[in-house]
Amino acid sequence: MVEPREPKEKDGDDERRKPARKAKSPKVAKPGPKAEPGHPRLPVRRERNSLFFDAYDGTPPWDIGRAQPAFVELANMGQIEGSVLDLGCGTGDLVLEMAEEGHEAWGVDFVPRAIDQAKVKARLRGMEGEATFLVGDALEVEHLNRTFDTVLDCGLFHTFSDPERELYEQQLRAVTHPGSRVHIMAMSDWEDDSWGGPRRVTQAELMDTFRDGWRVEDIVEARFLVLPGYNVRAHAWLASFVREAAPGRKVARKAVPNKPIKKAVKAAPAPKGGKVVEAAA
Ligand SMILES: C[S@@+](CC[C@H](N)C(=O)[O-])C[C@H]1O[C@@H](n2cnc3c(N)ncnc32)[C@H](O)[C@@H]1O
């Protein structure tokens, strides 16, 4: 959504917050916050996307005080079933909406302040105990040691780098079972690039991340709603993937014994008028 681009390494404020690090030590998960009673402790890597840790000192543009309409619509269409996990849940409006709809609803965000605000919202709405909010890293959710029927991602996927996307997909496997659905809303490549904001995501990139063991159910155009005063269109893709029964396996190439080459083989001519296949909308 409309979070500013990640500050550069040298940004003074950000630097001050970083603990002094020895040169090139391997990245080790920092101990997470205190475990919630009855829940495992999820590790949090503080150095990931630190701008979010400052965002909740105020009200970030995406924190509109209610669930994003695109997800409410999904729920109305019966696309959200059973137990629900919202990754990068922010201050919890979508989780609370799901709980109100009668789902077992969990939210995970790595910013403790966001989770604190989610819990306050739950209390103020008389919904204390009706939803579970945990501080944790979406790239470490395997530690939840359980699966959900539906996983929601409203504005998280587009924060990840390419390698993190792969890791995220693996983590989604850990918290889903065959038949589970994952709904992801990410800032799309249709969005004007001039104002900064998160990475733009293409349909092809979404499909590529979920290429093995997932069925693409839908990828449709959507919009993030943002607070008034932010002059952005916030074009998004709303993508839905279903976890397949048998995870697709990468087929290893058969080893072919080396034979002496007798004749040089002429390359076949390229077919004329090659077909361009467009990503499904
Ligand atoms: C653009 S905001 C969207 C928040 C919320 N989904 C909403 O719609 O209001 C992205 C959220 O993802 C969280 N986040 C980013 N990276 C994360 C990670 N690796 N693990 C957990 N939360 C993360 C941020 O703290 C932030 O709350």
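The largest nonpolar core of this predicted model has 61 residues, and those with the most contacts inside it are Val 95, Val 108, Ala 186, Ala 236 and Trp 237. A nonpolar core is a set of buried Ala, Val, Leu, Ile, Met, Phe, Trp, Tyr and Cys residues joined through C-beta atoms within 7 Å. A residue is buried if 20 or more other C-beta atoms lie within 10 Å of its own, exposed if 12 or fewer, and partly exposed in between, with C-beta atoms placed from the backbone. In soluble globular proteins, nonpolar side chains tend to be buried together.

Residues are numbered from 1 along each chain as its sequence is written. Because the model is predicted, local features need pLDDT of at least 70 and side-chain atom pairs count only at pLDDT 80 or more, whereas totals for chains, interfaces and linings use all residues.

**Overall composition**

- The protein chain comes to seven helices and seven strands; helices (H or I, at least four residues) and strands (E, at least two) are DSSP runs, numbered from the N terminus.
- From the N terminus on, the elements follow the order α-α-α-β-α-β-α-β-β-α-β-α-β-β.
- Of the 281 residues in the protein chain, 35% are buried.
- Among contacts between residues at least 6 apart in sequence, 72% join residues at least 24 apart; two residues are in contact if their C-beta atoms, placed from the backbone, lie within 7 Å.

**The sheet**

- Seven strands form an open sheet in the order E3-E2-E1-E4-E5-E7-E6, with mixed pairing; two strands pair if DSSP finds at least two bridges between them.
- Strand E3 (131-135) and strand E6 (214-223) stand at the edges with a single partner strand each, so one side of each is left without a neighbour in the sheet.
- Neighbouring strands of this sheet are turned by 15 degrees against each other on average, direction ignored; axes are lines fitted to C-alpha atoms, for helices over the stretch in contact, and angles run from 0 to 180 degrees between N-to-C directions.
- Strands of a sheet pair through backbone hydrogen bonds, either parallel or antiparallel.

- Five of the five residues of E2 are buried.
- Ala 105, Gly 107 and Asp 109 point one way from E2, while Trp 106 and Val 108 point the other way.
- E1 and E2 pair in the parallel sense over four bridges, and Leu 85 stands opposite Trp 106 in E2.
- E2 and E3 also run parallel, joined by five bridges; Val 108 has Leu 134 as its bridge partner in E3.
- In E3, four of the five residues are buried.
- Helix H4 (residues 93-100) lies across strand E1 (84-87), strand E2 (105-109), E3 and strand E4 (148-154), and runs at about 170 degrees to E2.
- Val 111 lies in the loop between E2 and helix H5 (112-124) and is buried, with 22 other C-beta atoms within 10 Å.
- Val 111 and Phe 52 are 59 residues apart in sequence, yet 7.0 Å apart in space, C-alpha to C-alpha.
- Not counting residues up to four places away in sequence, Val 111 touches Phe 52, Phe 53 and Tyr 56.

**Strands E5 and E7**

- Strand E5 (residues 176-187) and strand E7 (residues 235-243) run antiparallel and are joined by seven bridges.
- Met 187 has Ala 236 as its bridge partner in E7.
- Beyond four places in sequence, the residues that Ala 236 touches include Met 185, Ala 186 and Phe 224.
- His 183 lies in strand E5 and counts as buried, with 23 C-beta neighbours inside 10 Å.
- The C-alpha atoms of His 183 and Leu 238 are separated by 6.9 Å, although these residues are 55 apart along the chain.

**Two loop residues with positive phi**

- Most residues other than glycine have a negative phi.
- Asn 145, which is not a glycine, has a positive phi of about 55 degrees; Asn 145 lies in the loop between E3 and E4 and is exposed, with 10 other C-beta atoms within 10 Å.
- Ala 234 has a positive phi of about 60 degrees; Ala 234 lies in the loop between E6 and E7 and counts as buried, with 21 C-beta neighbours inside 10 Å.
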